[in-house]
Amino acid sequence: MTARYDLHSRPPAAVLLTAVVQHMGLMAVTLVFPLLVAQAAGATPEFQARYLQLCMLAMGVATLVQCWGGRLFGLPQIGSGFLLPAVFTAAYLPAALAVARQGGLEAVAGLTIAAGLTEIVLSRLIGRLRPFLPVEIVGLTVLMIGIILGIVAYKLIVGHGTAHPLAAAETGPALAALAVMIGLALWGGARLRSVAVLAGLAVGIALHLAVQPADIAPVAPATLTPRGIVWPLVTPRFDLALIPGFLVGALACTLRGFGDMVASQKINDRDWKRPAYANIEAGVLADGIGTLVAGVIGTMGLNTYSASVGLSQATEVLARRVAIGVGVGWMILAFLPEAAKLLLKVPQGVLGAALLFASTFVVMSGIAILGQRMLDARRTLAIGLGLFLGLSFDEMRGFYTQHLPPELQPLITSSLVLGLLTALLLNALFRIGTRKAYRLSWSPAQGAAPLQAFLAETGGSEGARAEAVLRLSRIAEEFAEAATNLSPDMPVAVAARFDEYALELSFLWRGRPLKPGPAPTLDEDADEDALMNGVVLALMTRLADRLTTRTLPDGRHELTCHVDQ
(Lines give C-alpha, C1' and ligand atoms only; values in the text may rest on other atoms or scores of the structure.)
Protein backbone atom coordinates (compact mmCIF):
# COMPACT_ATOMS: atom_id res chain seq x y z
CA MET A 1 0.00 0.00 0.00
CA THR A 2 1.23 3.48 -0.86
CA ALA A 3 -0.07 5.79 1.86
CA ARG A 4 -1.32 9.22 0.98
CA TYR A 5 0.33 10.55 4.15
CA ASP A 6 3.22 8.36 5.27
CA LEU A 7 4.79 8.07 8.71
CA HIS A 8 7.01 11.16 8.56
CA SER A 9 4.71 13.36 6.48
CA ARG A 10 3.15 16.67 7.54
CA PRO A 11 -0.55 16.40 6.68
CA PRO A 12 -2.50 19.65 6.20
CA ALA A 13 -4.19 20.93 9.34
CA ALA A 14 -7.64 19.83 8.17
CA VAL A 15 -6.46 16.29 7.41
CA LEU A 16 -4.53 16.11 10.68
CA LEU A 17 -7.47 17.27 12.78
CA THR A 18 -9.86 14.93 10.98
CA ALA A 19 -7.57 11.94 11.54
CA VAL A 20 -7.13 12.82 15.22
CA VAL A 21 -10.90 13.03 15.77
CA GLN A 22 -11.48 9.74 13.94
CA HIS A 23 -8.93 7.86 16.05
CA MET A 24 -10.21 9.41 19.28
CA GLY A 25 -13.77 8.50 18.35
CA LEU A 26 -12.73 4.91 17.69
CA MET A 27 -10.76 4.78 20.94
CA ALA A 28 -13.70 6.06 22.97
CA VAL A 29 -15.33 2.63 22.61
CA THR A 30 -12.78 1.16 25.03
CA LEU A 31 -13.69 3.56 27.85
CA VAL A 32 -16.53 1.18 28.60
CA PHE A 33 -13.98 -1.28 30.08
CA PRO A 34 -12.78 0.92 32.99
CA LEU A 35 -16.36 2.10 33.44
CA LEU A 36 -17.48 -1.50 34.00
CA VAL A 37 -14.60 -2.03 36.44
CA ALA A 38 -15.55 1.10 38.41
CA GLN A 39 -19.17 -0.06 38.56
CA ALA A 40 -18.07 -3.52 39.74
CA ALA A 41 -16.21 -1.81 42.60
CA GLY A 42 -19.41 0.00 43.60
CA ALA A 43 -18.26 3.49 42.58
CA THR A 44 -20.80 6.32 42.62
CA PRO A 45 -21.72 8.13 39.35
CA GLU A 46 -19.64 11.16 40.36
CA PHE A 47 -16.67 8.92 41.17
CA GLN A 48 -17.09 7.14 37.82
CA ALA A 49 -16.89 10.48 35.97
CA ARG A 50 -13.70 11.39 37.82
CA TYR A 51 -12.31 7.90 37.18
CA LEU A 52 -12.93 8.26 33.44
CA GLN A 53 -11.02 11.55 33.47
CA LEU A 54 -7.99 9.69 34.82
CA CYS A 55 -8.55 7.03 32.17
CA MET A 56 -8.41 9.65 29.41
CA LEU A 57 -5.20 11.03 30.92
CA ALA A 58 -3.67 7.54 30.95
CA MET A 59 -4.59 6.97 27.28
CA GLY A 60 -3.01 10.28 26.32
CA VAL A 61 0.25 9.66 28.16
CA ALA A 62 0.58 6.06 26.91
CA THR A 63 -0.11 7.11 23.32
CA LEU A 64 2.62 9.75 23.44
CA VAL A 65 5.10 7.25 24.92
CA GLN A 66 4.33 4.75 22.14
CA CYS A 67 4.79 7.27 19.33
CA TRP A 68 8.04 8.64 20.80
CA GLY A 69 10.27 6.08 19.08
CA GLY A 70 13.53 7.52 20.42
CA ARG A 71 15.95 7.35 23.30
CA LEU A 72 15.55 9.20 26.57
CA PHE A 73 18.20 9.84 29.26
CA GLY A 74 20.51 7.17 27.79
CA LEU A 75 17.83 4.46 28.07
CA PRO A 76 17.05 1.98 25.25
CA GLN A 77 14.71 3.10 22.50
CA ILE A 78 11.22 3.66 23.87
CA GLY A 79 8.20 3.41 21.59
CA SER A 80 7.67 2.06 18.09
CA GLY A 81 7.27 5.53 16.61
CA PHE A 82 4.13 4.48 14.72
CA LEU A 83 0.60 5.83 14.74
CA LEU A 84 -0.41 3.23 17.32
CA PRO A 85 -2.55 4.69 20.12
CA ALA A 86 -3.01 3.04 23.51
CA VAL A 87 -6.46 2.07 24.75
CA PHE A 88 -8.05 0.05 27.51
CA THR A 89 -8.11 -3.61 26.63
CA ALA A 90 -10.38 -6.56 27.23
CA ALA A 91 -7.27 -8.65 27.98
CA TYR A 92 -7.31 -7.32 31.55
CA LEU A 93 -11.09 -6.97 31.90
CA PRO A 94 -12.07 -10.39 33.39
CA ALA A 95 -9.29 -10.25 35.97
CA ALA A 96 -9.93 -6.56 36.70
CA LEU A 97 -13.66 -7.17 37.26
CA ALA A 98 -12.95 -10.01 39.69
CA VAL A 99 -10.34 -7.99 41.57
CA ALA A 100 -12.58 -4.90 41.69
CA ARG A 101 -15.36 -6.91 43.36
CA GLN A 102 -12.99 -8.45 45.90
CA GLY A 103 -10.40 -5.77 46.57
CA GLY A 104 -11.74 -2.56 45.03
CA LEU A 105 -10.08 -0.18 42.59
CA GLU A 106 -7.02 0.03 44.86
CA ALA A 107 -6.20 -3.61 44.15
CA VAL A 108 -6.88 -3.13 40.42
CA ALA A 109 -4.38 -0.26 40.30
CA GLY A 110 -1.73 -2.23 42.20
CA LEU A 111 -2.00 -5.31 40.00
CA THR A 112 -2.00 -3.10 36.90
CA ILE A 113 1.40 -1.81 38.03
CA ALA A 114 2.58 -5.43 38.36
CA ALA A 115 1.27 -6.20 34.85
CA GLY A 116 3.11 -3.18 33.43
CA LEU A 117 6.37 -4.28 35.06
CA THR A 118 5.84 -7.79 33.67
CA GLU A 119 5.41 -6.47 30.14
CA ILE A 120 8.53 -4.30 30.51
CA VAL A 121 10.52 -7.42 31.46
CA LEU A 122 9.03 -9.40 28.56
CA SER A 123 10.00 -6.63 26.14
CA ARG A 124 13.67 -7.26 26.98
CA LEU A 125 13.29 -10.99 26.25
CA ILE A 126 11.54 -10.86 22.87
CA GLY A 127 14.75 -11.45 20.91
CA ARG A 128 15.62 -14.53 22.99
CA LEU A 129 12.07 -15.86 22.81
CA ARG A 130 11.94 -15.48 19.03
CA PRO A 131 11.94 -19.25 18.29
CA PHE A 132 8.87 -19.56 20.53
CA LEU A 133 7.16 -16.48 19.07
CA PRO A 134 7.28 -17.20 15.33
CA VAL A 135 5.68 -14.89 12.80
CA GLU A 136 2.72 -17.22 12.22
CA ILE A 137 1.67 -16.87 15.88
CA VAL A 138 1.89 -13.10 15.46
CA GLY A 139 -0.38 -13.47 12.43
CA LEU A 140 -2.79 -15.58 14.50
CA THR A 141 -2.79 -12.88 17.18
CA VAL A 142 -3.68 -10.15 14.69
CA LEU A 143 -6.33 -12.36 13.04
CA MET A 144 -8.01 -13.23 16.35
CA ILE A 145 -7.95 -9.62 17.51
CA GLY A 146 -9.65 -8.59 14.28
CA ILE A 147 -12.31 -11.27 14.68
CA ILE A 148 -12.92 -10.37 18.35
CA LEU A 149 -13.17 -6.66 17.55
CA GLY A 150 -15.58 -7.41 14.70
CA ILE A 151 -17.84 -9.50 16.95
CA VAL A 152 -17.80 -6.84 19.68
CA ALA A 153 -18.63 -4.20 17.07
CA TYR A 154 -21.50 -6.27 15.66
CA LYS A 155 -22.98 -6.70 19.14
CA LEU A 156 -22.84 -2.94 19.65
CA ILE A 157 -24.57 -2.31 16.32
CA VAL A 158 -27.48 -4.71 16.93
CA GLY A 159 -27.79 -3.88 20.64
CA HIS A 160 -26.98 -7.40 21.82
CA GLY A 161 -27.50 -7.70 25.56
CA THR A 162 -29.59 -4.54 25.81
CA ALA A 163 -33.27 -4.24 26.74
CA HIS A 164 -34.25 -3.44 23.15
CA PRO A 165 -32.01 -5.16 20.57
CA LEU A 166 -32.33 -4.09 16.94
CA ALA A 167 -34.10 -0.91 18.04
CA ALA A 168 -34.58 1.34 15.01
CA ALA A 169 -33.31 4.39 16.91
CA GLU A 170 -30.03 2.59 17.70
CA THR A 171 -29.31 0.06 14.95
CA GLY A 172 -30.63 2.28 12.12
CA PRO A 173 -28.12 5.13 12.66
CA ALA A 174 -25.35 2.55 13.15
CA LEU A 175 -26.07 0.88 9.80
CA ALA A 176 -26.29 4.27 8.10
CA ALA A 177 -22.91 5.22 9.58
CA LEU A 178 -21.38 1.94 8.36
CA ALA A 179 -22.84 2.47 4.88
CA VAL A 180 -21.28 5.96 4.67
CA MET A 181 -17.88 4.64 5.77
CA ILE A 182 -17.96 1.82 3.22
CA GLY A 183 -19.22 4.06 0.44
CA LEU A 184 -16.53 6.69 0.93
CA ALA A 185 -13.79 4.06 1.33
CA LEU A 186 -14.75 2.34 -1.93
CA TRP A 187 -15.95 5.15 -4.19
CA GLY A 188 -15.02 8.39 -2.46
CA GLY A 189 -11.55 8.93 -3.89
CA ALA A 190 -8.32 9.56 -1.99
CA ARG A 191 -9.48 12.81 -0.38
CA LEU A 192 -12.75 11.40 0.97
CA ARG A 193 -11.24 8.09 2.10
CA SER A 194 -9.24 9.95 4.74
CA VAL A 195 -12.47 11.23 6.36
CA ALA A 196 -14.63 8.12 5.85
CA VAL A 197 -14.90 7.23 9.55
CA LEU A 198 -15.47 10.81 10.69
CA ALA A 199 -18.21 11.29 8.08
CA GLY A 200 -19.86 8.02 9.11
CA LEU A 201 -19.74 8.98 12.80
CA ALA A 202 -21.24 12.38 12.01
CA VAL A 203 -24.09 10.89 9.98
CA GLY A 204 -24.79 8.23 12.60
CA ILE A 205 -24.85 10.68 15.50
CA ALA A 206 -27.03 13.14 13.55
CA LEU A 207 -29.58 10.42 12.74
CA HIS A 208 -29.55 9.19 16.32
CA LEU A 209 -30.23 12.68 17.66
CA ALA A 210 -32.94 13.20 15.04
CA VAL A 211 -34.95 10.29 16.41
CA GLN A 212 -33.96 10.79 20.07
CA PRO A 213 -33.58 14.57 20.55
CA ALA A 214 -33.55 14.20 24.31
CA ASP A 215 -29.99 12.92 24.04
CA ILE A 216 -28.75 16.38 23.04
CA ALA A 217 -29.71 17.83 26.41
CA PRO A 218 -26.70 19.47 28.05
CA VAL A 219 -25.07 17.93 31.06
CA ALA A 220 -26.56 19.47 34.19
CA PRO A 221 -24.04 21.69 35.99
CA ALA A 222 -24.80 19.99 39.30
CA THR A 223 -23.59 16.68 37.92
CA LEU A 224 -20.20 17.96 36.79
CA THR A 225 -17.10 17.36 38.86
CA PRO A 226 -16.10 20.41 40.87
CA ARG A 227 -12.50 20.40 39.70
CA GLY A 228 -10.72 19.74 36.41
CA ILE A 229 -9.13 16.52 37.67
CA VAL A 230 -8.80 14.74 41.00
CA TRP A 231 -5.72 12.61 41.75
CA PRO A 232 -5.14 10.32 43.46
CA LEU A 233 -8.59 8.81 43.54
CA VAL A 234 -7.24 5.50 44.82
CA THR A 235 -3.99 4.33 46.41
CA PRO A 236 -2.59 1.22 44.67
CA ARG A 237 -2.57 -1.90 46.82
CA PHE A 238 -0.87 -5.18 45.92
CA ASP A 239 -2.72 -8.43 46.49
CA LEU A 240 -0.51 -11.23 45.16
CA ALA A 241 -3.26 -13.82 45.54
CA LEU A 242 -5.14 -12.13 42.68
CA ILE A 243 -2.19 -11.59 40.36
CA PRO A 244 -2.30 -14.63 37.94
CA GLY A 245 -4.99 -13.17 35.69
CA PHE A 246 -3.06 -9.92 35.32
CA LEU A 247 0.17 -11.75 34.45
CA VAL A 248 -1.61 -13.71 31.71
CA GLY A 249 -3.13 -10.44 30.54
CA ALA A 250 0.38 -8.93 30.36
CA LEU A 251 1.52 -11.86 28.18
CA ALA A 252 -1.53 -11.46 25.92
CA CYS A 253 -0.87 -7.71 25.64
CA THR A 254 2.76 -8.39 24.78
CA LEU A 255 1.71 -10.66 21.92
CA ARG A 256 -1.03 -8.29 20.81
CA GLY A 257 1.45 -5.40 20.81
CA PHE A 258 3.86 -7.62 18.88
CA GLY A 259 1.17 -8.24 16.28
CA ASP A 260 0.11 -4.59 16.07
CA MET A 261 3.70 -3.48 15.53
CA VAL A 262 4.26 -6.07 12.82
CA ALA A 263 1.04 -4.90 11.16
CA SER A 264 2.21 -1.28 11.48
CA GLN A 265 5.59 -2.14 9.97
CA LYS A 266 3.83 -3.86 7.11
CA ILE A 267 1.52 -0.98 6.20
CA ASN A 268 4.35 1.55 6.55
CA ASP A 269 6.73 -0.38 4.29
CA ARG A 270 5.37 -1.76 1.02
CA ASP A 271 8.60 -3.81 0.66
CA TRP A 272 8.19 -5.33 4.14
CA LYS A 273 9.62 -8.83 4.40
CA ARG A 274 10.22 -9.62 8.07
CA PRO A 275 9.57 -8.14 11.54
CA ALA A 276 12.05 -5.56 12.83
CA TYR A 277 12.60 -6.94 16.32
CA ALA A 278 14.42 -3.91 17.76
CA ASN A 279 11.39 -1.77 16.89
CA ILE A 280 9.05 -4.37 18.40
CA GLU A 281 11.04 -4.50 21.64
CA ALA A 282 10.89 -0.69 21.89
CA GLY A 283 7.14 -0.74 21.22
CA VAL A 284 6.39 -3.45 23.79
CA LEU A 285 8.56 -1.56 26.30
CA ALA A 286 6.43 1.55 25.70
CA ASP A 287 3.27 -0.52 26.05
CA GLY A 288 4.46 -1.79 29.42
CA ILE A 289 5.39 1.72 30.53
CA GLY A 290 1.91 2.89 29.51
CA THR A 291 0.28 0.21 31.65
CA LEU A 292 2.63 1.02 34.52
CA VAL A 293 1.65 4.71 34.31
CA ALA A 294 -2.03 3.75 34.17
CA GLY A 295 -1.63 1.77 37.39
CA VAL A 296 0.16 4.65 39.11
CA ILE A 297 -2.61 7.01 37.99
CA GLY A 298 -5.12 4.54 39.43
CA THR A 299 -6.76 2.91 36.39
CA MET A 300 -6.64 -0.48 34.67
CA GLY A 301 -4.20 -1.70 32.00
CA LEU A 302 -3.68 -0.40 28.46
CA ASN A 303 -2.56 -1.93 25.19
CA THR A 304 -1.92 -0.92 21.60
CA TYR A 305 -5.08 -0.56 19.49
CA SER A 306 -5.41 -2.87 16.50
CA ALA A 307 -8.46 -0.96 15.26
CA SER A 308 -6.33 2.16 14.82
CA VAL A 309 -3.98 0.20 12.58
CA GLY A 310 -6.96 -0.78 10.47
CA LEU A 311 -8.25 2.80 10.45
CA SER A 312 -4.86 4.13 9.34
CA GLN A 313 -4.76 1.62 6.51
CA ALA A 314 -8.33 2.40 5.43
CA THR A 315 -7.86 6.19 5.42
CA GLU A 316 -4.24 6.11 4.11
CA VAL A 317 -3.14 8.51 6.86
CA LEU A 318 -0.17 6.98 8.72
CA ALA A 319 1.53 10.16 9.94
CA ARG A 320 3.13 10.03 13.38
CA ARG A 321 1.85 13.57 13.98
CA VAL A 322 -1.65 12.12 14.22
CA ALA A 323 -0.55 10.03 17.21
CA ILE A 324 0.86 13.14 18.88
CA GLY A 325 -2.43 14.92 18.28
CA VAL A 326 -4.38 11.98 19.70
CA GLY A 327 -2.24 11.84 22.84
CA VAL A 328 -2.46 15.58 23.45
CA GLY A 329 -6.19 15.51 22.69
CA TRP A 330 -6.96 12.94 25.36
CA MET A 331 -4.85 14.81 27.91
CA ILE A 332 -6.80 18.00 27.21
CA LEU A 333 -10.14 16.21 27.51
CA ALA A 334 -9.01 14.72 30.83
CA PHE A 335 -8.98 18.22 32.34
CA LEU A 336 -12.45 19.10 31.05
CA PRO A 337 -15.00 17.90 33.67
CA GLU A 338 -17.87 17.53 31.18
CA ALA A 339 -15.86 15.58 28.60
CA ALA A 340 -16.29 12.15 30.20
CA LYS A 341 -20.07 12.42 30.41
CA LEU A 342 -20.40 13.85 26.93
CA LEU A 343 -18.37 10.96 25.52
CA LEU A 344 -20.70 8.51 27.21
CA LYS A 345 -23.60 10.07 25.30
CA VAL A 346 -22.15 9.02 21.90
CA PRO A 347 -24.36 6.14 20.65
CA GLN A 348 -22.64 2.81 21.22
CA GLY A 349 -24.05 1.40 17.98
CA VAL A 350 -22.48 4.21 15.92
CA LEU A 351 -19.13 3.61 17.61
CA GLY A 352 -19.63 -0.09 16.85
CA ALA A 353 -20.01 0.75 13.14
CA ALA A 354 -16.61 2.49 13.14
CA LEU A 355 -15.08 -0.44 15.03
CA LEU A 356 -16.53 -2.99 12.58
CA PHE A 357 -15.23 -0.98 9.62
CA ALA A 358 -11.69 -0.89 11.07
CA SER A 359 -11.72 -4.53 12.21
CA THR A 360 -12.06 -5.80 8.63
CA PHE A 361 -8.63 -4.37 7.83
CA VAL A 362 -7.17 -5.92 10.98
CA VAL A 363 -8.43 -9.36 9.91
CA MET A 364 -6.90 -9.03 6.45
CA SER A 365 -3.61 -7.87 7.96
CA GLY A 366 -3.47 -11.03 10.08
CA ILE A 367 -4.20 -13.21 7.04
CA ALA A 368 -1.46 -11.44 5.09
CA ILE A 369 1.07 -12.05 7.89
CA LEU A 370 0.12 -15.74 8.01
CA GLY A 371 0.58 -15.92 4.24
CA GLN A 372 4.22 -14.87 4.56
CA ARG A 373 5.19 -18.32 5.85
CA MET A 374 5.18 -21.76 4.23
CA LEU A 375 3.11 -23.57 6.86
CA ASP A 376 3.84 -27.26 7.27
CA ALA A 377 1.61 -29.71 9.16
CA ARG A 378 3.27 -28.88 12.48
CA ARG A 379 2.63 -25.15 12.21
CA THR A 380 -0.78 -25.58 10.61
CA LEU A 381 -1.93 -27.70 13.56
CA ALA A 382 -0.57 -25.23 16.13
CA ILE A 383 -2.27 -22.27 14.44
CA GLY A 384 -5.49 -24.09 13.55
CA LEU A 385 -6.04 -25.63 16.97
CA GLY A 386 -5.17 -22.35 18.67
CA LEU A 387 -7.74 -20.55 16.51
CA PHE A 388 -10.49 -23.14 17.07
CA LEU A 389 -9.99 -23.37 20.84
CA GLY A 390 -9.81 -19.60 21.13
CA LEU A 391 -13.07 -19.10 19.25
CA SER A 392 -14.72 -21.82 21.33
CA PHE A 393 -14.28 -19.82 24.53
CA ASP A 394 -17.11 -17.39 23.86
CA GLU A 395 -19.39 -20.20 22.62
CA MET A 396 -18.63 -22.47 25.59
CA ARG A 397 -17.84 -19.97 28.33
CA GLY A 398 -19.90 -21.92 30.87
CA PHE A 399 -17.97 -25.10 30.13
CA TYR A 400 -14.59 -23.44 30.68
CA THR A 401 -15.66 -21.67 33.87
CA GLN A 402 -17.33 -24.73 35.39
CA HIS A 403 -15.12 -27.63 34.35
CA LEU A 404 -11.59 -26.24 34.18
CA PRO A 405 -9.45 -26.97 37.26
CA PRO A 406 -9.56 -24.04 39.71
CA GLU A 407 -5.83 -23.51 39.18
CA LEU A 408 -6.35 -22.79 35.46
CA GLN A 409 -9.45 -20.61 35.66
CA PRO A 410 -7.52 -17.40 36.57
CA LEU A 411 -5.31 -18.01 33.50
CA ILE A 412 -8.02 -18.66 30.90
CA THR A 413 -9.85 -15.35 30.93
CA SER A 414 -10.72 -14.69 27.27
CA SER A 415 -10.81 -16.23 23.81
CA LEU A 416 -7.58 -14.40 22.88
CA VAL A 417 -5.72 -15.71 25.93
CA LEU A 418 -6.94 -19.30 25.36
CA GLY A 419 -6.08 -19.24 21.66
CA LEU A 420 -2.61 -17.77 22.16
CA LEU A 421 -1.69 -20.04 25.07
CA THR A 422 -2.79 -23.06 23.00
CA ALA A 423 -0.75 -21.99 19.96
CA LEU A 424 2.32 -21.16 22.08
CA LEU A 425 2.25 -24.47 23.95
CA LEU A 426 1.68 -26.52 20.79
CA ASN A 427 4.45 -24.63 18.97
CA ALA A 428 6.88 -25.45 21.80
CA LEU A 429 5.70 -29.08 21.93
CA PHE A 430 5.91 -29.64 18.17
CA ARG A 431 9.49 -28.35 18.10
CA ILE A 432 10.59 -31.52 19.91
CA GLY A 433 12.38 -33.86 17.54
CA THR A 434 12.39 -31.52 14.55
CA ARG A 435 15.38 -31.56 12.27
CA LYS A 436 17.35 -28.41 11.75
CA ALA A 437 19.63 -29.59 8.93
CA TYR A 438 18.71 -31.29 5.65
CA ARG A 439 21.21 -32.92 3.28
CA LEU A 440 21.25 -33.91 -0.39
CA SER A 441 23.83 -35.53 -2.63
CA TRP A 442 23.50 -33.83 -6.00
CA SER A 443 25.23 -34.21 -9.34
CA PRO A 444 25.67 -31.18 -11.66
CA ALA A 445 24.42 -33.31 -14.53
CA GLN A 446 20.97 -33.40 -12.89
CA GLY A 447 20.49 -29.66 -13.38
CA ALA A 448 18.81 -27.20 -11.01
CA ALA A 449 15.43 -28.95 -10.70
CA PRO A 450 16.41 -31.38 -7.87
CA LEU A 451 17.92 -28.50 -5.89
CA GLN A 452 14.77 -26.39 -6.22
CA ALA A 453 12.54 -29.31 -5.25
CA PHE A 454 14.78 -30.00 -2.24
CA LEU A 455 14.54 -26.40 -1.06
CA ALA A 456 10.77 -26.22 -1.60
CA GLU A 457 10.23 -29.38 0.45
CA THR A 458 12.58 -28.44 3.29
CA GLY A 459 11.37 -24.84 3.35
CA GLY A 460 7.78 -26.01 3.68
CA SER A 461 8.75 -28.46 6.42
CA GLU A 462 10.34 -25.68 8.45
CA GLY A 463 7.67 -23.06 7.76
CA ALA A 464 10.21 -20.72 6.18
CA ARG A 465 9.21 -17.43 4.65
CA ALA A 466 8.19 -18.05 1.03
CA GLU A 467 10.17 -15.11 -0.35
CA ALA A 468 13.34 -16.28 1.43
CA VAL A 469 12.98 -19.81 -0.01
CA LEU A 470 12.52 -18.32 -3.48
CA ARG A 471 15.78 -16.40 -3.10
CA LEU A 472 17.58 -19.60 -2.06
CA SER A 473 16.13 -21.35 -5.11
CA ARG A 474 17.51 -18.65 -7.38
CA ILE A 475 20.93 -19.00 -5.70
CA ALA A 476 20.80 -22.76 -6.26
CA GLU A 477 19.89 -22.22 -9.91
CA GLU A 478 22.92 -19.95 -10.39
CA PHE A 479 25.20 -22.46 -8.64
CA ALA A 480 23.92 -25.23 -10.91
CA GLU A 481 25.04 -23.16 -13.92
CA ALA A 482 28.58 -22.91 -12.58
CA ALA A 483 28.82 -26.42 -11.11
CA THR A 484 29.31 -28.06 -14.53
CA ASN A 485 32.67 -26.26 -14.67
CA LEU A 486 33.55 -26.69 -11.00
CA SER A 487 32.85 -30.37 -10.40
CA PRO A 488 31.47 -31.96 -13.59
CA ASP A 489 32.01 -35.59 -12.58
CA MET A 490 31.91 -35.49 -8.78
CA PRO A 491 28.80 -35.28 -6.53
CA VAL A 492 28.17 -32.09 -4.58
CA ALA A 493 27.08 -32.28 -0.94
CA VAL A 494 24.20 -29.88 -0.33
CA ALA A 495 23.05 -28.87 3.16
CA ALA A 496 20.18 -26.60 4.22
CA ARG A 497 19.61 -25.28 7.74
CA PHE A 498 16.66 -23.25 8.96
CA ASP A 499 15.83 -21.29 12.09
CA GLU A 500 13.76 -18.25 13.02
CA TYR A 501 16.60 -15.92 12.10
CA ALA A 502 17.98 -17.09 8.74
CA LEU A 503 18.03 -19.78 6.07
CA GLU A 504 21.42 -21.28 5.25
CA LEU A 505 22.36 -23.18 2.09
CA SER A 506 25.83 -24.67 1.62
CA PHE A 507 27.56 -26.58 -1.18
CA LEU A 508 30.64 -28.77 -0.69
CA TRP A 509 32.57 -30.21 -3.67
CA ARG A 510 35.93 -31.30 -5.06
CA GLY A 511 37.27 -29.61 -8.16
CA ARG A 512 37.79 -25.99 -9.09
CA PRO A 513 37.08 -23.26 -6.53
CA LEU A 514 34.39 -20.67 -7.14
CA LYS A 515 36.05 -17.28 -6.96
CA PRO A 516 35.71 -13.83 -8.49
CA GLY A 517 36.48 -13.86 -12.19
CA PRO A 518 38.98 -11.73 -14.10
CA ALA A 519 37.98 -8.37 -15.51
CA PRO A 520 36.00 -8.59 -18.77
CA THR A 521 38.23 -8.61 -21.85
CA LEU A 522 38.02 -9.05 -25.62
CA ASP A 523 41.04 -11.37 -25.59
CA GLU A 524 40.15 -14.58 -27.41
CA ASP A 525 42.44 -16.55 -25.08
CA ALA A 526 40.55 -15.46 -21.95
CA ASP A 527 39.27 -18.21 -19.66
CA GLU A 528 35.53 -18.14 -20.41
CA ASP A 529 34.74 -20.56 -17.59
CA ALA A 530 36.49 -18.31 -15.06
CA LEU A 531 34.60 -15.30 -16.40
CA MET A 532 31.28 -17.15 -16.16
CA ASN A 533 32.02 -18.39 -12.64
CA GLY A 534 32.82 -14.84 -11.56
CA VAL A 535 29.51 -13.58 -12.94
CA VAL A 536 27.63 -16.39 -11.15
CA LEU A 537 29.37 -15.58 -7.86
CA ALA A 538 28.49 -11.91 -8.21
CA LEU A 539 24.83 -12.77 -8.84
CA MET A 540 24.67 -15.09 -5.84
CA THR A 541 26.30 -12.44 -3.67
CA ARG A 542 23.53 -10.01 -4.63
CA LEU A 543 20.79 -12.57 -3.93
CA ALA A 544 22.13 -13.61 -0.51
CA ASP A 545 22.27 -11.46 2.61
CA ARG A 546 25.65 -13.03 3.43
CA LEU A 547 27.89 -15.31 1.33
CA THR A 548 31.20 -16.93 2.19
CA THR A 549 33.59 -19.22 0.30
CA ARG A 550 36.51 -21.21 1.64
CA THR A 551 38.81 -24.12 0.86
CA LEU A 552 39.03 -26.85 3.50
CA PRO A 553 42.31 -28.53 4.53
CA ASP A 554 41.34 -31.70 2.62
CA GLY A 555 41.10 -29.72 -0.63
CA ARG A 556 37.32 -29.51 -0.86
CA HIS A 557 35.64 -26.17 -1.52
CA GLU A 558 32.64 -24.79 0.36
CA LEU A 559 30.14 -22.08 -0.51
CA THR A 560 27.67 -20.94 2.18
CA CYS A 561 24.78 -18.54 1.58
CA HIS A 562 22.54 -16.94 4.24
CA VAL A 563 19.12 -15.38 3.64
CA ASP A 564 17.49 -13.64 6.60
CA GLN A 565 14.01 -14.76 7.68
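User: What does Phe 132 count as at its relative accessibility?
Analyst: At 39% relative accessibility, Phe 132 counts as partly exposed, because that class lies between buried (under 20% relative accessible area) and exposed (over 50%), taken with a 1.4 Å probe and protein chains only. This is a predicted model, where local features need pLDDT of at least 70 and side-chain atom pairs pLDDT 80 or more, while totals for chains, interfaces and linings use all residues. Residues are numbered from 1 along each chain as its sequence is written, and side-chain values use heavy atoms, without hydrogens or water.

User: Where is Phe 132 found?
Analyst: Phe 132 sits in the loop between α4 (93-123) and α5 (135-158). Helices (H or I, at least four residues) and strands (E, at least two) are DSSP runs, numbered from the N terminus.

User: Which residues are buried in helix α2?
Analyst: Phe 33, Pro 34, Leu 35, Val 37 and Ala 38 are buried in α2, which covers residues 32-40. After α2 comes Gly 42, with a positive phi near 80°.

User: Switching to the sheet. What is the order of its strands?
Analyst: The order is β3-β4-β5-β7-β6, an open sheet of 5 strands with antiparallel pairing. Two strands pair if DSSP finds at least two bridges between them.

User: Which strands stand at the edges?
Analyst: Those are β3 (437-442) and β6 (546-551). Each has a single partner strand, so one side of each has no neighbour in the sheet.

User: How many bridges join β4 to β5?
Analyst: Strand β4 (residues 492-498) and strand β5 (residues 502-509) are joined by 6 bridges and run antiparallel. Within β5, Ser 506 is the bridge partner of Ala 495.

User: And which strands does helix α18 touch?
Analyst: Helix α18 (residues 449-461) packs on the sheet and touches β3, β4 and β5. Its direction makes about 170° with that of β3. Axes are lines fitted to C-alpha atoms, for helices over the stretch in contact (heavy atoms within 4.5 Å), and angles run from 0 to 180 degrees between N-to-C directions.

User: What does helix α19 lie across?
Analyst: Helix α19 (residues 466-486) lies across β3, β4, β5 and β7 (557-564), and runs at about 10° to β5.

User: New topic: Ala 263, buried or exposed?
Analyst: Ala 263 is buried, with a relative accessible area of 3%. Its place is in helix α9 (residues 244-268).

User: What is Ala 263 in contact with, neighbours within four places in sequence aside?
Analyst: Ala 263 is in contact with Val 309, Ser 365 and Ile 369.
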